[in-house]
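Colleague: I am new to this structure. Please take me through its backbone and its confidence.

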Amino acid sequence: MSASIFLIMLAICLYGEQVAGDQEQEHQLVLPLVSDSSHVGDAQLILPAESDSWVVDNCLAVKMVAQIKFYPNNSNILVTKNIPALAKVSPTSSCSYLNSTTRQVITLEWSEADRSSGILTRSLSLYFSLINTIPPTYTVSMATSMYQLSMAKVLGKMSPGQNTTDMESKSDSKYIRMTTTIMNPLQFMVPKNRSFLCEESLTVEMMAELITTDGTPDEKLQKAMLTISSFQFDAFRPTTLSTILPSPQFQPATSCSSPSATDLVPIVVGCSLAGLVFFIVVGYLVGRRKAEVKGCATVVEQGEVE
């Protein structure tokens, strides 16, 4: 009978773990995990082998290998671009984005040569938000990218009597603006004073549109995809951290493979139910044993009387 009780408890605990696994799968529908080599559309995803680190005034540190896939027009031609390790931290990065102590942003900038347009600029921004929980946590709240698609020099209108050499030339550029908007539900929740670490590849969709130089929307595009692997970030770092950890070292990490509090709930409930079943079965056996002993005693007493 003890073996049966053990099997019942084991089955209930496994059921709790299965529920946790189902919840994790539902979470992955929002942020699907992919391997380092998978197919998206007709293009194969092959991420670079090494990652690099970027730091904003020692308040925010990021290490990652990142790649963006997008459609530059309404064709089905998928373009893949890696964020180079030589990308620089933009001056627009901030430890207090929009003068807020609960928002930080890091923007990486780089440029690439184009045969027809010359040097084109690109950028990727990651936004972090501090959540007022107990204990405090923070998260990646949004990701955006600006990709300069083309640039052409155009001449302004020539006034009467004006020489063409005196005409002012202007640049007419096309950009692809990509954004996740504010992520809901929030992703990568991390306790404050800890970093986030995930060696797996994470992919998130971004809305994409063509815009002009002045930011005017021109054309909606198919969704883009941002893929990050070897991802580690450390935001809202204490101001005294520079005296403890030299930049760009990270605070102790919380792994993406660690079970979250949400995953632990069904496991705890399942084990609690197993414990309840155990006590019920034990109580039943004890009661049954007492009844058998009492019955035997009654039979013995009746025999003595006869």
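Colleague: In which strand does serine 230 lie?

Modeller: In this predicted model, local features need pLDDT of at least 70, side-chain atom pairs count only at pLDDT 80 or more, and totals for chains, interfaces and linings use all residues. Residues are numbered from 1 along each chain as its sequence is written, and side-chain values use heavy atoms, with hydrogens and water left out. Strands are DSSP runs (E, at least two residues), numbered from the N terminus. Residues 217-234 form the one that holds serine 230, strand 15.

Colleague: What is the phi of serine 230?

Modeller: Most residues other than glycine have a negative phi. Serine 230 is not a glycine, yet its phi is positive, at about 45°.

Colleague: Is threonine 181 buried, partly exposed or exposed?

Modeller: Threonine 181 lies in the loop between strand 11 (169-179) and strand 12 (187-191). Buried means under 20% relative accessible area and exposed over 50%, with partly exposed in between (1.4 Å probe, protein chains only). Threonine 181 has 42% relative accessibility, so it counts as partly exposed.

Colleague: What is the omega of the cis peptide bond between isoleucine 134 and proline 135?

Modeller: Proline 135 is found in the loop between strand 9 (118-131) and strand 10 (137-155). Most peptide bonds are trans. The one joining isoleucine 134 and proline 135 is cis, with an omega of about -5°.

Colleague: What pLDDT does the protein chain average?

Modeller: pLDDT is the predictor's confidence in each residue, from 0 to 100. In the protein chain, 65% of the residues score at least 70. The average is 77.

Methods: Helices (H or I, at least four residues) and strands (E, at least two) are DSSP runs, numbered from the N terminus.
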